[in-house]
Every structure is written in C-alpha cells, then in structure tokens.
Amino acid sequence: MKIKPELSSYETIYILKSDLSEDILLKTIEQYQGLLLERGAKNILIENRGRRHLKYPIRSSKDGIFIQMNYDANGEVVSLVEKSMKINDLIIRYLTSCIL
C-alpha cells in the first residue's frame with residue numbers, strides 16, 4: 001500500500017513575455033492551473049501581478065508579466081510544474097518557494 005505524501009504549501013512566481021496577447025496570457029495561466037488540478041493540488045490561488053519593468057534584461061526582455069500561484073501540493077507536482085515552465089518559451093523566469 002502506497003502512502004500518500006503530505007501536502008506542503010508552495011508559491012510559484014513566473015514571468016511571462018510582455019508582448020503576449022490577452023488570449024495567450026489567459027490560456028497560459030489556465031494551462032498551469034489545469035496542471036495543478038490534474039495532479040491533485042489543493043487551495044489554488046492565482047493572481048496576475050501585472051506588467052512590470054525588469055531591473056535587468058532577461059532573455060532580451062526588459063518588461064514582463066508577473067503571475068503568482070499559491071497552492072498546496074507534494075514535491076512531485078512542483079517538479080512537474082517547473083519542468084513544464086522550463087521548456088515553455090513564453091516564460092522567461094520562474095521561482096518556487098515552500099511556505100512554512
């Protein structure tokens with residue numbers, strides 16, 4: 001019998017390219033929300049923090065759209081989300097923190 005790992009609280013902030021249309025922006029947010037739901041994450045809260053100027057260029061982008069996701073999940077879900085973000089060309093940077 002497999003024991004279900006305990007859920008921890010995480011916060012993931014990712015930066016999208018600033019030249020995205022509203023439609024693509026919403027589809028990308030929904031993609032990651034769906035991924036979390038599929039994998040059993042709970043208490044998902046997603047907030048669009050808006051377009052901001054970056055302190056230094058990242059992948060030749062001077063501006064970015066900041067998205068914040070708070071959720072409860074296990075470490076496997078976090079790894080899967082981060083792998084997906086790593087290969088997504090629309091995301092220029094991401095960071096996940098465990099909230100104690």
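Me: Why is Tyr-14 called buried?

Reply: The model is a predicted one. In it, Tyr-14 has a relative accessibility of 0%, and buried means under 20%, so Tyr-14 counts as buried.

Me: What makes the pair of Tyr-14 and Tyr-32 an aromatic pair, and why is it termed tilted?

Reply: The ring centres of Tyr-14 and Tyr-32 are 5.6 Å apart, and rings pair if their centres lie within 6.5 Å. The angle between the planes is 55°; since stacked requires under 30 degrees and edge-to-face over 60, the rest being tilted, the pair is therefore tilted. Tyr-14 belongs to strand E1 and Tyr-32 to helix H1, 18 residues apart, so that the pair links distant parts of the chain. Tyr-32 is also buried, at 0% relative accessibility. By the same rule the count comes to two aromatic pairs.

Me: Which residues have the most contacts inside the largest nonpolar core?

Reply: They are Tyr-14, Leu-16, Tyr-32, Met-69 and Val-81, in a core of 20 residues. Two or more residues each come from strand E1 (8-17), helix H1 (22-38), strand E3 (61-73) and helix H2 (75-87). Apart from this core lies another, of five residues, including Ile-15 and Leu-54.

Me: How do you know that Thr-96 counts as buried?

Reply: Its relative accessibility is 18%, and the limit is under 20%, so Thr-96 counts as buried. Thr-96 lies in strand E4 (residues 91-99).

Me: What makes the link between the side chains of Thr-96 and Glu-82 a polar contact?

Reply: The distance is 2.9 Å, and the criterion asks for N or O atoms within 3.5 Å, one able to donate a hydrogen and the other to accept it. The side chains of Thr-96 and Thr-12 are likewise joined by a polar contact of 2.9 Å.

Me: Why is Arg-52 said to lie over the face of Phe-66?

Reply: Arg-52 is 5.5 Å from the ring centre of Phe-66. The rule requires CZ of Arg to be within 6 Å of the ring centre and within 35 degrees of the ring normal, and Arg-52 is accordingly placed over the face of Phe-66.

How values were computed:
Residues are numbered from 1 along each chain as its sequence is written. This is a predicted model: local features need pLDDT of at least 70, side-chain atom pairs count only at pLDDT 80 or more; totals for chains, interfaces and linings use all residues. Side-chain values use heavy atoms; hydrogens and water are left out. A nonpolar core is a set of buried Ala, Val, Leu, Ile, Met, Phe, Trp, Tyr and Cys residues joined through side-chain atoms within 4.5 Å. Buried means under 20% relative accessible area, exposed over 50%, partly exposed in between (1.4 Å probe, protein chains only). Helices (H or I, at least four residues) and strands (E, at least two) are DSSP runs, numbered from the N terminus. Rings of Phe, Tyr and Trp (its six-membered ring) pair if their centres lie within 6.5 Å; planes under 30 degrees apart count as stacked, over 60 as edge-to-face and the rest as tilted.
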